[in-house]
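I opened my notebook to look up a few things in this structure. Here is what I went through, entry by entry.

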Amino acid sequence: MEGTSSQKPLDILILAAGLGTRMRSNIAKVLHVLDGRPLINHVCRTASALGPRKIYVVVGHQGEDVIKAVGSELDEESVEFVWQKEQLGTGDAVNAARDFLENEDSTLLVLSGDVPMIRAETLAGLIQQHYDHRGRGAECTILTVKLPDPTGYGRIMRDDGGLFERIVEQKDATDAEKEISEINSGIYCFDTRKLFDALSLIENNNAQGEYYLTDVPKILRNAGGDISLFNYTDSREVSGINNRAELAELERVVRRRTVTKLMLDYGVSFVDPKNVYISEQAKIGRDTLIYPNVSIEGECEIGDGCTIRSGTRIADSQIGHGVEVLDNSLITEAVVGNSCKIGPFAHIRPKTRLEEGAKIGNYVEVKNSTIGRNSKANHLTYLGDATIGENSNIGAGTITCNYDGVNKHKTTIGSRVKIGSDTMLVAPVEVGDGAVTGAGSVVTKNVPPNKLAVGAPARAIKNVQREDSTDETGR
Ligand code: UD1
Ligand code: MG
């Protein structure tokens, strides 16, 4: 708006020092997890999307752990941690940042670490209103919302003219005040200097014996400052999490929102949309069909036309197109090519790469291994630290003995190899292209290409001829 005087630089302060008594937990509240990430990380990501000069995070309870969690979300340079030694209330928490901020001619957006669903677009609207208020900007703008059940929140008291008067906390409210449905979201914009001036004046003579940040707007108003109320309509976004029931409810809301978006915008099918857990960060392609009780966690990418059967969990993995994952499989930090088949009961561990058309069957565990195109390990096998070429077949019960008790060693298997059932491959070892091992062999030495090796320990005994076929079943 033309004539606005107060487009000051923006800093953000996030309150995250409280224990959260009502969680009945030994873990600080902001470290509890929503949609697979700590609450504080949700708030930090949103804050960072607003492009502030700096984000200040007030820490106290389990501060080291909170710092670590924030570190996984924000660059070191963009964030400053402020310690609040004793948790004396939200006003005291902001005051802990006094040395950093009191002389800044800036706008300070205050967020709560326990209000995780707030969107950057909403905050941008709040900030804009703060700047635009009466053409000259407000000293404080409060994000408020009307709730059918406002229990637990601070209530917004307006004067006869509908202007802001004060905030009264639930525990200090009279019965009449408790009837007010407009609540304080705990999200505010302040003129930074005015905020710290007023903070010097707050007292703790209230029901909780705490220093309330919510007393600041009243002090500013009584000194003649403009307080603006940004009345917002989506109550979900400003839901504070104070106990586990509220956390579970928000989890349900996030989950439903994600699944609905995947169905309507991305063409993903769910047999039972209420009984899946899909991370908001997951990308899933068209015509992929997901059965009940599937979890897709973290940053996953799943292609078009896949089928994911019940009981499967996929975390931080990339899955190509047309992949079939049968029941009760676990896939973590893996890359799966197009048209692969996995499971049932397969365990695909980190740093596994399955190339196009590979098949990993029941009770097969794969770790830190590359399985080449159309190669198969169909039954009861462990493949660790292995590289397997194309069109090879790993018989039932095969084990790469990769660990000698001290070090891990690599197994290299070529293309068109047939590993007989129950072969022990004692790493480090190589099996050349087109070679065959007999059932029950213990391979301690490299098997040259096109040789048949048998026995325990196995010896290479004669030449063999393997066809370049892809129709091995491995049975
Ligand atoms: C606060 C507001 C209330 C508002 C509600 C919205 C106050 C006094 N009340 O109440 O008006 O409706 O949020 O969700 O501000 N924290 C600290 N240090 C402390 C105390 C709290 O860092 O000493 C942090 C907490 O970790 C939390 C946030 O501040 O992230 C809010 O504290 P909480 O105790 O949840 O306040 P509410 O009772 O929810
Ligand atoms: Mg709260």
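This is a predicted model: local features need pLDDT of at least 70, side-chain atom pairs count only at pLDDT 80 or more; totals for chains, interfaces and linings use all residues.

**Entry 1, the pocket.** I looked up the space taken by ligand 1, and it is the largest pocket. On a 1 Å grid over the protein atoms alone, a pocket is an open set of points with protein on both sides within 12 Å along at least five of seven lines. A molecule sits in one if more than half of its atoms lie within 2 Å of its grid points.

I note that strand 1 (10-16), helix 3 (90-95) and strand 10 (182-191) are the elements that give two or more residues to the shell around ligand 1. Strand 10 gives the most, three residues. Helices (H or I, at least four residues) and strands (E, at least two) are DSSP runs, numbered from the N terminus.

Residues are numbered from 1 along each chain as its sequence is written, chains are lettered from A and ligands numbered from 1 in the order in which they are written, and side-chain values use heavy atoms, with hydrogens and water left out.

I found 24 residues around ligand 1 (a heavy atom within 4 Å). A17, Q84, T90, E169 and N184 are the closest. By type, the shell has seven nonpolar, 13 polar and four charged residues; Ala, Val, Leu, Ile, Met, Phe, Trp, Tyr, Cys and Pro count as nonpolar, Asp, Glu, Lys and Arg as charged, and the others, Gly among them, as polar.

I then checked polar contacts (N or O atoms within 3.5 Å). The side chain of E169 has an N or O atom 2.7 Å from an oxygen atom of ligand 1. For A17, a backbone N or O atom is 2.9 Å from a ligand 1 oxygen. For D114, a polar side-chain atom is 3.0 Å from one. Taken alone, ligand 1 exposes 750 Å², and the protein buries 90% of that (Shrake-Rupley method, 1.4 Å probe).

The peptide bond from G343 to P344 is cis, with omega near 0 degrees, and P344 is in the loop between strand 24 (341-342) and strand 25 (347-348). Another cis peptide bond joins A427 and P428. K351, though not a glycine, has a positive phi of about 60 degrees.

Key: A polar contact is a pair of N or O atoms within 3.5 Å; within protein, one must be able to donate a hydrogen and the other to accept it, and residues adjacent in sequence count only if both atoms are side-chain atoms. On a 1 Å grid over the protein atoms alone, a cavity is a set of points where a 1.4 Å probe fits but cannot get out, and a pocket is an open set with protein on both sides within 12 Å along at least five of seven lines; lining residues have an atom within 4 Å of a point.
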